Amino acid sequence: MADLWAPRRRIEQAYRRSVIRTMEDLKGLLVGLDDPFDIVWAIKRYAGSKAFLRLSEAAAERMVTHLFSDAGRTWRQAARKNSRGRQLYELLQTQMKGPMGSIVLAQIRSNAEIIRTLPLSISEQVNAHVLQGTLAGLRASVIAEQIKAFFPDVTKAKAGLIARTETSKTQTALTQARSELLGLDWYIWRTSKDSRVRDSHKLMDGVLIKWAAPPSPEKLEGADRTYGNYHAGCIFNCRCYPEPVIDLDLIQWPALVYHGGSLRRMTRRQFERIA
Ligand SMILES: [Zn+2]
């Protein structure tokens, strides 16, 4: 069952490419500029241009609708493997036209806004580089050349982080919205189970979590630095994901449950009392 809910890497990869594409036209606008301040100015102007806004909206829309239709398939498959299958299937059908539409739109909007921060965060980096170069006594034209040289790599790195983090956050948000509409209050935190999983998230693997009460994995681990409370997949560079709890028969009891701010091992009976 776990694999069914795992994020589709190709959606993230496609998103990364289309985020990079939103910045493509800017490259042409920088050609011939040999003053670093003209470059910063050109980036800022591009950030406010209609063409860029349109591209960022289109990229966000593609990613969110892709995740949404993919998740639709996943839910239908989950329904089939389930004792509550028929009931769930019917609920899913009615939801398709209902409240999920506005949730999808809100996700598109917030993702487009995140892409829109890209040029400005690049120009901040450019500014820092200009300052450094000036302090080092470099000529303006040399600094300008350096900026143009590192520009594609900076764009790629930032687009990669946006794609990884936001695809996963969006997927969790869609799963949460759908679960809540179906009256499913709990999910199982799943990790990608490889060496790159954070220690604090390894601790969460297989733990039952209530949508209404996200944990702070760092706090549970006893770390000094925490990032607040959040759901699986909802922090930078996280590849974890939620698997909705549809049927308690499919869970191995006793199970780890996040409850009252700590992790507890519970029998099914104990869990049913608090669920
Ligand atoms: Zn994670």
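Biologist: Is Glu12 buried or exposed?

Modeller: Let's start there. This is a predicted model, and the label rests on relative accessible area: buried means under 20%. Glu12 is buried because its relative accessible area is 8%.

Biologist: Which side chain does Glu12 meet in a salt bridge?

Modeller: First, the general idea. Side chains of opposite charge can pair when their charged atoms come close. Here, Glu12 meets Arg164 in a salt bridge, with 4.0 Å from N to O. Glu12 lies in helix α2 and Arg164 in helix α8, so the pair ties together parts that are 152 residues apart in sequence. Arg164 is partly exposed, at a relative accessible area of 26%.

Biologist: How many salt bridges does the structure hold?

Modeller: The structure holds 15. Lys148 pairs with Glu145, with the closest N and O atoms 3.6 Å apart. Both lie in helix α8, 3 residues apart, which is about one turn of the helix. Lys148 is partly exposed at 22% relative accessible area, and Glu145 is partly exposed at 45%.

Biologist: What separates Lys169 and Glu166 in helix α8?

Modeller: About one helical turn, because they are 3 residues apart in that helix. Their side chains meet in a salt bridge of 4.0 Å, N to O. Lys169 is partly exposed, with a relative accessible area of 32%, whereas Glu166 counts as buried at 12%.

Biologist: What feature does UniProt place at residues 125-240?

Modeller: An unreviewed UniProt entry gives "domain: Phage head morphogenesis" for that span. In this model, residues 125-240 are 54% helix and 7% strand, and the end C-alpha atoms lie 30 Å apart.

Biologist: Which residues form a nonpolar patch on the surface?

Modeller: Leu161, Tyr227 and Phe236 form it, with about 250 Å² of accessible area together. Leu161 is found in helix α8, which covers residues 140-182. Leu161 counts as partly exposed because its relative accessibility is 38%.

Biologist: And Thr22: buried or exposed?

Modeller: Thr22 is buried, with a relative accessible area of 1%. Its place is in helix α2 (residues 9-22). A polar atom of the Thr22 side chain lies 2.6 Å from the backbone oxygen of Val19.

Biologist: One last thing: how many residues apart in sequence are Arg45 and Leu120?

Modeller: Sequence and space can be read side by side. Arg45 and Leu120 are 75 residues apart in sequence, and their C-alpha atoms are 9.9 Å apart in space. Arg45 lies in helix α4 (residues 36-47) and is exposed, with a relative accessible area of 53%.

Key
Residues numbered from 1 in each chain as written. Predicted model: local features only at pLDDT ≥ 70, side-chain atom pairs only at ≥ 80, totals over all residues. Heavy atoms only, no water. Patch = residues over 30% accessible without salt bridge, like charges linked within 9 Å, V, L, I, M, F, W, Y side chains within 5 Å. Areas by Shrake-Rupley, 256 points an atom, 1.4 Å probe, with all protein chains shown as cover. Helix = DSSP H or I, 4+ residues; strand = E, 2+ residues; numbered from the N terminus. Buried < 20%, exposed > 50% of the residue type's maximum accessible area, 1.4 Å probe, protein only. UniProt positions renumbered as here; feature names shortened; annotations may be inferred. Polar contact = N/O pair within 3.5 Å; in protein donor to acceptor, adjacent residues only side chain to side chain.
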